[in-house]
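Here is a friendly walk through the fold. Keep the structure open beside the text as you read.

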Amino acid sequence: MKRILIVDDSFYMRTMLKNMLSDAGYEIVGEAPNGQTALELAKETKPDLITLDVILPDNTGLEVLKGIRAEQPDQKVVIVSAVGQEVIVNEALENGAKSYIVKPFSEEKVLEVVSQVLAEEPKQ
């Protein structure tokens with residue numbers, strides 16, 4: 001069973017993603033409402049994938065992404081955010097995000113992206 005960490009400052013959004021991913025058979029190893037908790041949980045739980053919001057109360061998702069990638073270069077991260085500006089999307093992808101989902105999203109879209117990213121072989 002693939003393990004996922006959900007990072008979003010919105011309790012509602014975390015719950016929605018958790019229900020969606022749990023129902024699809026994924027194990028949710030943690031939920032983080034901010035960047036600091038996200039970095040701690042990423043280190044502790046070593047999930048197969050992290051969903052990460054761009055707007056967090058203590059940090060930007062891009063900073064958190066850089067922090068996660070510095071500690072765990074192979075960590076798979078999918079950005080899930082209402083911020084859809086091309087410059088932000090490109091910066092996230094350049095910094096190692098595997099994909100970018102813009103809110104509002106459909107359950108099908110989330111599950112499709114998550115399963116695609118998890119199916120990717122790590123680069124050697």
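Beyond its neighbours within four places in sequence, Asp53 is in contact with Val7, Asp8, Asp9, Gly61, Val80, Ser81 and Lys103. Please keep in mind that this is a predicted model. Aspartate 53 sits in the loop between β3 and α3, and UniProt, in an unreviewed entry, places the feature "modified residue: 4-aspartylphosphate" at this position. Is aspartate 53 buried or exposed? Its relative accessibility is 4%, and the cut-off for buried is under 20%, so aspartate 53 counts as buried.

Two of those partners, Asp8 and Asp9, turn up again around another charged residue. Arginine 14 lies in helix α1, residues 11-23, and its contacts, leaving aside neighbours within four places in sequence, are Ile6, Asp8, Asp9, Glu31, Ala32 and Pro33. With 9% relative accessibility, arginine 14 counts as buried too. Glutamate 86, in helix α4, is exposed. From C-alpha to C-alpha, glutamate 86 is 26 Å from leucine 21, and 65 residues separate the two in sequence.

| Residue | Relative accessibility | State |
|---|---|---|
| Aspartate 53 | 4% | buried |
| Arginine 14 | 9% | buried |
| Glutamate 86 | 60% | exposed |

Now to the chain as a whole. Its secondary structure consists of five helices and five strands, and from the N terminus on they run β-α-β-α-β-α-β-α-β-α. The chain is as compact as a globular protein of its length, because its radius of gyration, 13 Å, is close to the 14 Å that the globule rule gives for 124 residues. Along the principal axes, the C-alpha trace spans about 35 × 30 × 25 Å. Of the 124 residues, 46% count as buried, while the accessible surface comes to about 6400 Å², with 50% of it belonging to carbon and sulfur atoms. Among contacts with a separation of 6 or more, 64% join residues 24 or more positions apart.

UniProt lists residues 3-118 as "domain: Response regulatory", again in an unreviewed entry. This span is 48% helix and 22% strand, and its end C-alpha atoms lie 10 Å apart.

What holds the middle of the picture? The largest nonpolar core has 22 residues, and those with the most contacts inside it are Leu5, Val7, Ile50, Leu52, Val77, Ile79 and Tyr100. Elements giving two or more residues to this core include the strands β1 (3-7), β2 (27-32), β3 (49-52) and β4 (76-81), along with helices such as α2 (35-45) and α3 (61-71). The largest share, four residues, comes from α3. There is also a second, separate core of 18 residues, which includes Tyr26, Val80, Val113 and Val117.

Which of its residues are buried? They are Gly61, Leu62, Val64, Leu65 and Ile68. Seen down the axis of α3, these buried residues fall within an arc of 155°, so they line one face of the helix. The background is simple: an α-helix has 3.6 residues a turn, so residues three or four places apart point the same way. The cover over the buried residues of α3 includes α2, β3, β4 and α4.

Note on methods
Residues are numbered from 1 along each chain as its sequence is written. This is a predicted model: local features need pLDDT of at least 70, side-chain atom pairs count only at pLDDT 80 or more; totals for chains, interfaces and linings use all residues. Side-chain values use heavy atoms; hydrogens and water are left out. UniProt positions are given in the numbering used here, feature names are shortened, and annotations may be inferred rather than shown by experiment. A nonpolar core is a set of buried Ala, Val, Leu, Ile, Met, Phe, Trp, Tyr and Cys residues joined through side-chain atoms within 4.5 Å. Buried means under 20% relative accessible area, exposed over 50%, partly exposed in between (1.4 Å probe, protein chains only). The radius of gyration is taken over C-alpha atoms; the globule rule is 2.2 Å times the number of residues to the power 0.38. Contact means heavy atoms within 4.5 Å. Accessible areas come from the Shrake-Rupley method with a 1.4 Å probe; for residues, only the protein chains shown count as cover. The arc is that of the directions from the helix axis to the C-beta atoms.
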